[in-house]
Amino acid sequence: MELTGKHLRRLPLFAGLPEEALNELAKLVRVRNYKKDMLIFLEGEPGEGLHFVQQGKVKIYKMASDGKEQILHFRQPGDIFAEVTLFDGGPYPASAETIEESQIGIIRNADLYQWLEHHPSLTVQLLKDMAKKLREAQQRLVELVQKDTYGRVASTLLRLAESFGSECAVCKESTVINLYLDRQELANYAGTSRETATRILQDLAKSGIIKLEGKKITILKQKELERWL
């Protein structure tokens, strides 16, 4: 699929650019299609360029020394990732893998450098986006250090609901998390073991705070879940 300026305008990062600039930028984009659970890049590989999600969902993760996966972020349509390689010229600081069939746009660093010389306003937007992600990463680090496992799982569910949630059509005032993770993936995001995450989810379900239907999680009582923090 060949992207056009109209496609790029749907991405928050590029939405404010004039049509001519968008059309120029679209010519630099390379589109790659990935099936579910396909690797986009590995931590430590040379940084190729800025990536963005056109369709699908992606997880960004690091591998600990003991071989355990720690999920850092999830990215959905409109989100960019790996932009840090544009500024430091280094390798990818984490790995990226699809969690569903996805279409990923890539703009090579060398091409984007040249384009930014004529459109410096986007550089500012990129820096703002990176600053926001840095704040989120710092907050997650605080949670991992200071909160117990119940607090980390509760915080994880609330964060997922904020990014991927929608109002339940049947049970009003409830939020469906539209990101269907298995228990291991949720545990890797919360920074705990699969057994512990499963037990906490079951406890929350028995208390009527959440509803579990396979991989589907619905938050029924957000205020009560927030108390676990």
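In which helix does Glu 185 lie?

**Entry 1: basis of the work.** I worked on a predicted model, in which local features need pLDDT of at least 70 and side-chain atom pairs count only at pLDDT 80 or more, while totals for chains, interfaces and linings use all residues. Residues are numbered from 1 along each chain as its sequence is written, and side-chain values use heavy atoms, with hydrogens and water left out.

**Entry 2: Glu 185.** I located Glu 185 in helix α7, residues 183–190. Helices here are DSSP runs of H or I with at least four residues, strands are runs of E with at least two, and both are numbered from the N terminus. I found Glu 185 buried yet without a salt bridge. Buried means under 20% relative accessible area, exposed over 50%, and partly exposed in between, with a 1.4 Å probe and protein chains only. A salt bridge requires a side-chain nitrogen of Lys or Arg within 4 Å of a carboxyl oxygen of Asp or Glu. The nearest side chain of opposite charge to Glu 185 is Lys 59, 4.0 Å away; Lys and Arg count as positive and Asp and Glu as negative, with His and the chain ends not counted. Leaving aside residues up to four places away in sequence, I listed Lys 59, Ile 71, Ile 99 and Tyr 180 as the residues that Glu 185 touches, a contact being heavy atoms within 4.5 Å.

**Entry 3: strand β7.** I next examined strand β7, residues 95–98, where Ser 95 and Glu 97 point one way and Ala 96 and Thr 98 the other, all of them buried. In a regular strand the side chains alternate between the two faces of the sheet. I noted 2 bridges joining β2 to β7 in antiparallel fashion, and 4 bridges joining strand β4 (residues 58–63) to β7, also antiparallel. Two strands pair if DSSP finds at least two bridges between them. Ala 96 of β7 has Phe 41 opposite it and also Ile 60.

**Entry 4: loop residues.** I looked up Asp 37 in the loop between β1 (29–34) and β2 (39–41). Its phi is near 65°, a positive value in a residue other than glycine. Asp 37 counts as partly exposed because its relative accessibility is 43%. Ala 82, in the loop between β6 and α3 (84–88), likewise is not a glycine and has a positive phi of about 65°. Ala 82 has a relative accessible area of 12%, so I recorded it as buried.

I placed Asp 79 in the loop between β5 (69–75) and β6 (80–81). With a relative accessible area of 25%, Asp 79 is partly exposed. Asp 79 and His 51 are 28 residues apart in sequence and 8.6 Å apart in space, C-alpha to C-alpha. Beyond residues up to four places away in sequence, Asp 79 touches His 51, Phe 52, Val 53 and Phe 74.

**Entry 5: Ala 161.** I found Ala 161 in helix α6, residues 149–164. Ala 161 counts as buried because its relative accessibility is 12%. Not counting residues up to four places away in sequence, Ala 161 touches Thr 175, Ile 177 and Ile 219.
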